[in-house]
Amino acid sequence: MTFRTPRCCVALLVCAVVTAPASAADRPPANQALLLVRLPADAQLTIGVSSTEQRGAERLFISPALPDKRQYAYQLTAIWNVGAQRKTLIREVVVRAGQQSVADFLMPETAQRGSDALTLAADTPMAPVATKPAVSAKNVDSAPAPSKLRARSFLFTYGATVTGLEAGQTARVWLPVPSANEDQDVAIESKELPATGKINRDAQYGNQILYVEGKAGADGTIPVKVVYRVTRREVQGTANPSKEGADQIARFLQADAKVPVGGKAMTLIQGKRLPKDSLAAAHELYDVVNKHMRYSKDGAGWGQGDSDWACDSKYGNCSDFHSLFISLARAEKIPAKFEIGFPLPEKRGQGEIPGYHCWAKFFLEGKGWIPVDISEANKNPKLTDYYFGNLNEDRVAFSTGRDLELAPKQEGDKLNFFIYPYVEVGGKPYPAEKIQKKFAFQDVSAK
């Protein structure tokens with residue numbers, strides 16, 4: 001049982017919690033918390049990223065010593081079968097030293113909420129829970145100490161050199177710029193450009209784009225470099241409210257050039273009865289893609305984010321995995337979007353980054369955007385449960401969406417996705433192989 005990120009504020013909880021003191025005989029010690037979970041007896045329960053071994057309709061857990069009286073939050077995922085369908089529910093539960101908290105998967109989520117439920121859970125003791133197992137070594141699992149908020153601060157260097165030009169020849173250069181949002185804080189630390197550049201936003205997705213026109217030097221090159229200071233936070237659960245309007249969310253139900261709505265992907269769920277619950281259906285699609293695909297960069301064709309190709313080939317990189325998922329989600333009327341950026345190695349330090357990484361998010365009304373990273377789950381099977389609904393902090397996002405029209409508008413076709421520099425010379429796209437790229441990171445202390 002793993003503690004989720006400690007929080008002093010519970011405003012973003014998925015479900016409210018009924019907090020009640022246990023009887024005097026089995027009240028938790030003043031520096032520990034009890035967690036009672038009610039769910040179907042045969043349900044599989046995961047807390048954080050760890051599966052639990054208990055079975056039964058009521059399961060009791062006890063925390064280690066908590067350092068203070070602040071609130072801490074667990075993320076709970078319960079999976080069980082209802083007839084021939086699999087049901088998946090995610091709850092978040094607040095615990096506090098000296099108190100017992102209850103998470104009830106058998107109650108509708110709306111019944112557990114209420115306009116004052118969070119205030120009651122945090123501050124007002126309620127009546128004791130009528131039915132609960134006694135606290136004993138046989139039916140109480142222990143948990144490790146709660147961890148601090150997982151975040152990572154680093155300098156990210158985005159560098160490129162346009163080569164093969166004639167001295168004095170002009171090139172138009174577009175660079176993606178990471179945006180500050182609920183997942184990350186971003187500031188420009190320094191930049192080296194051939195002329196004064198301007199940051200614009202594309203009209204469809206709101207991506208930030210640095211545009212500059214420059215002349216090649218005597219060596220026929222145009223170097224550009226931007227250093228960003230980034231603090232990236234772990235994304236957990238469904239606490240990701242949407243800032244998009246209805247029209248923009250509707251866009252994430254529509255097809256892209258290489259991501260049809262359904263297409264060949266529908267063969268993967270032919271004959272399957274997906275759950276009516278959108279969250280459970282998305283989990284089923286996540287598993288379908290993960291089982292169908294194999295992470296590999298062998299051969300040709302991978303890396304285009306082509307959903308039909310991925311369905312046929314059964315392998316690819318992150319863009320192929322998530323394009324296939326997005327095709328399926330949109331076919332099931334679940335808005336889904338593509339995000340792309342760069343991965344950082346788990347080990348702190350500094351070094352170069354060879355290439356991009358991408359993931360997806362799907363939208364649930366009333367909950368917001370829920371992330372998935374299926375290619376990472378495929379490479380790390382022990383984290384399969386984690387990467388449905390969570391993203392680690394070892395990354396930075398640069399842009400969202402497919403079929404992008406830049407700002408100012410490029411002369412060439414819309415971009416499949418936007419992560420590497422895009423250059424035009426003489427009104428035509430410049431060959432990507434003539435653009436040298438260099439990306440690097442250096443971990444720093446948070447400001």
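The accessible surface of the protein comes to about 19600 Å², and carbon and sulfur atoms hold 51% of that area. Such areas come from the Shrake-Rupley method with a 1.4 Å probe, and for residues only the protein chains shown count as cover. The model is predicted: local features need pLDDT of at least 70, side-chain atom pairs count only at pLDDT 80 or more, and totals for chains, interfaces and linings use all residues. Residues are numbered from 1 along each chain as its sequence is written, and side-chain values use heavy atoms, with hydrogens and water left out.

Of the 447 residues in the protein, 56% are buried. Buried means under 20% relative accessible area, exposed means over 50%, and partly exposed lies in between (1.4 Å probe, protein chains only). The protein has seven helices and 27 strands; these are DSSP runs, H or I of at least four residues for helices and E of at least two for strands, numbered from the N terminus. Among contacts in the protein with a separation of 6 or more, 73% are between residues 24 or more positions apart. A contact here means heavy atoms within 4.5 Å.

Five strands form an open sheet in the order β13-β14-β11-β25-β26, with antiparallel pairing. Two strands pair if DSSP finds at least two bridges between them. β13 (198-201) and β26 stand at the edges with a single partner strand each, so one side of each is left without a neighbour in the sheet.

Within this sheet, strand β25 (residues 422-425) is joined to strand β11 (residues 170-177) by three bridges, and the two run antiparallel. Val173 has Val423 as its bridge partner in β25, and Arg172 stands opposite Glu424. β25 also pairs with strand β26 (residues 428-429) in the antiparallel sense, over two bridges; there, Glu424 stands opposite Pro429. β25 and β26 form a hairpin with two residues between them, and Gly426 in the turn has a positive phi of about 65°. Which way do the side chains of β25 point, and are they buried or exposed? Tyr422 and Glu424 point one way and Val423 and Val425 the other, and all are buried.

Pro408 is placed in the loop between β24 (395-400) and β25, and the peptide bond from Ala407 to Pro408 is cis, with omega near -5°.

Asp183 counts as buried because its relative accessibility is 4%. The side chains of Asp183 and Lys361 are joined by a polar contact of 2.7 Å. A polar contact is a pair of N or O atoms within 3.5 Å; within protein, one must be able to donate a hydrogen and the other to accept it, and residues adjacent in sequence count only if both atoms are side-chain atoms. Asp183 is also 8.9 Å from Glu393, C-alpha to C-alpha, although the two are 210 residues apart in sequence.

Next come the nonpolar cores. A nonpolar core is a set of buried Ala, Val, Leu, Ile, Met, Phe, Trp, Tyr and Cys residues joined through side-chain atoms within 4.5 Å. The largest one has 70 residues, of which Phe156, Phe325, Phe342 and Phe362 touch the most other members. Leaving out residues up to four places away in sequence, Phe325 touches Ala282, Leu285, Tyr286, Val289, Ala360, Phe362, Val372 and Ile374. A second, separate core has 20 residues, including Leu39, Ala78, Val93 and Val95.

Lys314, in the loop between α5 (307-313) and β18 (315-316), has a positive phi of about 70°. Lys314 counts as partly exposed because its relative accessibility is 46%. Lys333 has a positive phi of about 65° and lies in the loop between α6 (318-331) and β19 (336-343). Lys333 counts as exposed because its relative accessibility is 67%.

Finally, the cysteines. The structure holds zero disulfides, a disulfide being a pair of cysteine sulfur atoms within 2.5 Å. Cys311 is buried, with a relative accessible area of 6%, and Cys318 is buried at 2%.
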